[in-house]
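Have a look at the sequence and the model, then read on.

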Amino acid sequence: MNRPCAILLLALLGLSGAACTHVPPFQRGRLAHPTMLLDETAGPGESHVYAIHEGAVGGGAAVEGGCGCN
Amino acid sequence: MQLTSASRDQPRYARFRFRLAVIAIVAAPCLAPSAASGRRAARADAEAAPQDQSDPFADEGESRSEAKTETEEDAEPPKVEVRTRAEVSRGGNLSVRASTEVSAYSDTDAVHVLSPTVAGSVSDEVAGWSVGGSYLVDAVSAASVDIVSTASAHWVERRQVGAGSASFKLGPSAVALSGNYSREPDYLSIGGGGVISFELAEKNVMPFVGGSYGHDLVGRTGDPMDIWPELNKVSLKAGVTFVVNRSTIASLSFDEIMERGYLAKPYRYLPVVAPGAGSQIPPGASVDLVKSLNVYSVAENVPTERNRSALSGRLAYRSAHATFRGDQRLYHDSWELLASTTDIHEFIDVGSRMLVWPHLRAHVQNGVTFWRRVIEQLPNTAGPAGIPTYRAGDRELGPLYTLTAGMGTKIRLNSDIRSPWTLSFQVDGMYTRYLDAIYISRRWALFSALGVEAAF
């Protein structure tokens, strides 16, 4: 990772942290809804289609599987 | 006339209302405790592990809690809630889930894929651990233009993927481990990785770091595996998930992926034309036109190193009866491919058992530095004409954009919110425009998936 990217990332993290308000646990009724999980919305088949169609990766699962597209 | 009639019916109506009230008073003690404890248990779960819930529509009582006024939400929860949470933790929280999904893909380039998947997991959300596994099979049938242009036969192939995962909590941190094994006649992939996250400020801020390693062998069907070239991948990930306010959660992450080894596609052969003849082959040129100018064909060759970086942001906002989810990824790699991917869902509650969502996705990218629509021989006055060292035939390395639009739905089949059975279905249409590629300049594709999940 080059230096501009690292600086940009740190700046974004700092800004994002500063923009937040502290929400105590008993006020998180909406945050507890299952659709509020920030996990992958795409299932295994859909993820694989995107991996083949797009030249970019990242931002998803930490481990990726085989190609299937030789 | 009406007044007279009304006054005559009034005593009878009053007696009916009185009987209803008596029935309600008698029945209330029988009905109220179970309903109340259901709400308390659901609320207690939400408080115990607000980020760990994975039940679709798990909280039937939540729509009621959402209807609460801001003043009510500001109030501290009564002590009875805490006692109920303790009861929940004693009562056993083992959750077993099983799911299956069948997805189908078909496009206008004569590629068809059918992918059944089965998955299962066992977890204890209060204790904070889970283990899971999945198995997927891809059955691919292809007669794409790349195959036709090289006079190869239509082929059918199967890919099998097994994956496992485990997670557990260590005080204020959580560890998630995963591994996978993927096998097909010309590709083998083994990988594993882990992510550790930390709960800070009462789970308002959760930084995470992780990494993974993958070892692949890339070959040709029929060749002995010991001559297949290697591809090694190391991925590093760091980011933070944070609560923005009581309705919004967001995350920001950075991925760095280093790939070393054989990165080309072993079946790809590219047409080479005489110096200056490339201008006669426009984007989307037919197989016949390219063949008429083709001098000979050469194998794809790309660098053996690629460093890929992705900066991704995710945001989820919950309103009274819907959740907006937006994902944005900015990507850059050492082959100078720049890309942007935007993915948007709007999950809409339809009653307490049904969820529907429209889905939009847009991906746009330029090409890698060595991308050429067609390979021209390099003029050489001192000897035979050469060709560029690096050349790619993979259209996904060229400039393109893809637009995806679709719909999905998820329906809870039973009334037991603690052990829901759900049915899901989605369909997406995809349009890809290749801006500088031969043979095809656009592709339409349809993806659909049908899934069932059960919790016990």
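## Strands, sheets and a core

Let's start with a pair of neighbours in chain B: S4(B) and strand S5 (residues 173–184) are antiparallel partners, with 11 bridges between them. Keep in mind that what you're looking at is a predicted model.

These two strands make a hairpin, and two residues sit between them. In that turn you'll find B:Gly171, whose phi is positive, at about 65 degrees. On the other pairing of S4(B), strand S3 (residues 129–142) of chain B runs antiparallel to strand S4 (residues 155–170), and 14 bridges join them.

Now for another part of chain B. Which order do the strands take in the open sheet of three strands? The order is S11-S10-S16, and the pairing is mixed. Strand S11 (294–299) and strand S16 (375–376) are the edge strands, so named because each pairs on one side only. Strand S10 (residues 269–273) pairs with S16(B) in the parallel sense, while S10(B) and S11(B) run antiparallel.

| Strand pair (chain B) | Sense | Bridges |
|---|---|---|
| S3 and S4 | antiparallel | 14 bridges |
| S4 and S5 | antiparallel | 11 bridges |
| S10 and S11 | antiparallel | five bridges |
| S10 and S16 | parallel | two bridges |

Stepping back, chain B has six helices and 19 strands in its secondary structure. Of its 456 residues, 32% are buried. If you take the contacts in chain B between residues at least 6 apart in sequence, 58% of them link residues at least 24 apart.

What about the inside? In soluble globular proteins, nonpolar side chains tend to be buried together. Here the largest nonpolar core has 21 residues, and those with the most contacts inside it are A:Ala56, B:Ala310, B:Leu337, B:Val368, B:Ala392 and B:Leu397. At least two residues of this core come from each of strand S7 (205–218), strand S9 (248–261) and strand S12 (305–318) of chain B.

Let's zoom in on one core member. Leaving out residues up to four places away in sequence, B:Leu337 touches B:Gln365, B:Asn366, B:Val368 and B:Leu397, along with A:Gly55 from chain A.

Note on methods: Residues numbered from 1 in each chain as written. Chains lettered and ligands numbered in written order. Predicted model: local features only at pLDDT ≥ 70, side-chain atom pairs only at ≥ 80, totals over all residues. Core = buried A, V, L, I, M, F, W, Y, C linked by C-beta atoms within 7 Å. Buried ≥ 20, exposed ≤ 12 C-beta atoms within 10 Å, placed from the backbone. Helix = DSSP H or I, 4+ residues; strand = E, 2+ residues; numbered from the N terminus. Contact = placed C-beta atoms within 7 Å.
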